[in-house]
Amino acid sequence: MNSLALVFLLVDAATLIFVSRRWAPLPLLVGVCYFPTYLNIELGPLHFTAIRVLIALGIVRMIIKQEWPPNGINGIDCAMMTWVIWLLASGFFHKDPGATLIFRLGLAFDACGIYVLFRSFCRSLEDISGVYQLTALLLVPLAMEMFIEKLTVHNLFSILGGQESVMIRLGKVRANGPFAHPILAGTAGAISLPMMIALWRPHRRLAVIGIIACFIIIYSSASSGPILSAVAGIFALFMWRYRQFIPLLQRWAIPGYIALDLYMKDPAYFIIARIDLMGGSTSWYRARLLQAALEHLGEWWLIGTDYTRHWMQQFVPWSPDHTDITSQYVQMGVFGGLLLLALFVVVLVKGFSGVTQALKQTADCSPDLRFMVWALGSSLFANVVTFFSVSYFDQTAVFVYFTLANIGSAATLAIKGQNTQWTRLQFSAATPTVSTSNKIGKQLLMDSGSSRTQNNLFSRPKMR
């Protein structure tokens, strides 16, 4: 980390300490979007990336200012704690417990730190909306840099002490910005897209800015995975109009998969191998990895495994013991066996349950408010789909944790019955109805009311 990066980090850290709780998420998001993941401060065997430094200071701030997550512990909180506990405990059964524990402490610190901080900072649905307004603004410089990187074949984040080289595949430049890989960079834009669309009615300009930025990030990454993630998120948003059919889809999901498996010559999940939207995709490898994991189930089902190099013929230069694990689900199994994988899935299921709970408790609230809650679930769904073909090994994981944290806050607030005290005030009539020619509004907001709020991140009414 050079002097420029260090000064940038110090300014961002000072901002985190001294700003009000309303603005506290901003420095954390800056750390995610603008600090390359390979820049870190080394203290012996410990490696502190920029986001970890910010998490540590955020926890100090939370303790000093007594900004604890409100309304106690909910189901998502418990699921996250259980998953993290086994993530750490299962490391003691591997061949180098010391090194494994240090590595997993970093993963646990990232997950718990981001989750707890956003649960603390986002205490109302107004705060959650504010976080995504900030995200829309922060994605703009990132999108511009990645687009310039694609045109010039030069990573501008190298001025912070990072690498200048840019990945090129089949003549296509694949920009990665501050992220560790172009696929992860594009995924960050794709999984943010549902929340940008959710801002459309209450904050039209910010929504347009955020949507364009997300599409530029996806395009600049030149990867098929982010496109599919974006499609998954948009599909989930579209299901808002047909949400009464969600239970039916859930009941028929497993029978439908079995029917597809019987129809196809290969296992049904090999449908992944047939997807190549950008040319030169490694989708077959991803499908074959899932098959290899099932074939070698006996090696990892109990506590994970320290050796997967024989699973695939493709080797990786960064590890003599492992093949390229390109699935978050397979990665969980390799780390801690079926139990860790199951606990990870429980976390995701609890996230969707939190969305359902929040929607039930806000049935009499503004359609814009309820659609924002649905968009949180859509963003989580985009991650769930992406996990089949991508393993998050950089700051992209932060987007997952703060989505879960926001869902946890929304569910807790709804359960406690606090939303209805201010929802009518926040979404009071301020301007005429949005034009019916707006196709996005007509398709996604079937329940749209007759009001459109002028409130935004920079001008908010006081809650009663």
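## Surface and burial

Accessible areas here come from the Shrake-Rupley method with a 1.4 Å probe, and for residues only the protein chains shown count as cover. For this protein chain, the accessible surface comes to about 20500 Å², and 67% of that belongs to carbon and sulfur atoms. This is a predicted model, where local features need pLDDT of at least 70, side-chain atom pairs count only at pLDDT 80 or more, and totals for chains, interfaces and linings use all residues. Residues are numbered from 1 along each chain as its sequence is written, and side-chain values use heavy atoms, with hydrogens and water left out.

Buried means under 20% relative accessible area, exposed over 50%, and partly exposed in between (1.4 Å probe, protein chains only). Of the 464 residues in the protein chain, 53% are buried.

## Helices and strands

The protein chain has 17 helices and four strands. These are DSSP runs numbered from the N terminus: helices are H or I with at least four residues, strands E with at least two.

Have a look at α9, which covers residues 224–238. Its buried residues include Ser224, Pro226, Ala230 and Leu237.

## Contacts

Contact means heavy atoms within 4.5 Å. Among contacts in the protein chain with a separation of 6 or more, 73% are between residues 24 or more positions apart.

Key
The expected span of a helix is 1.5 Å times one less than its number of residues.
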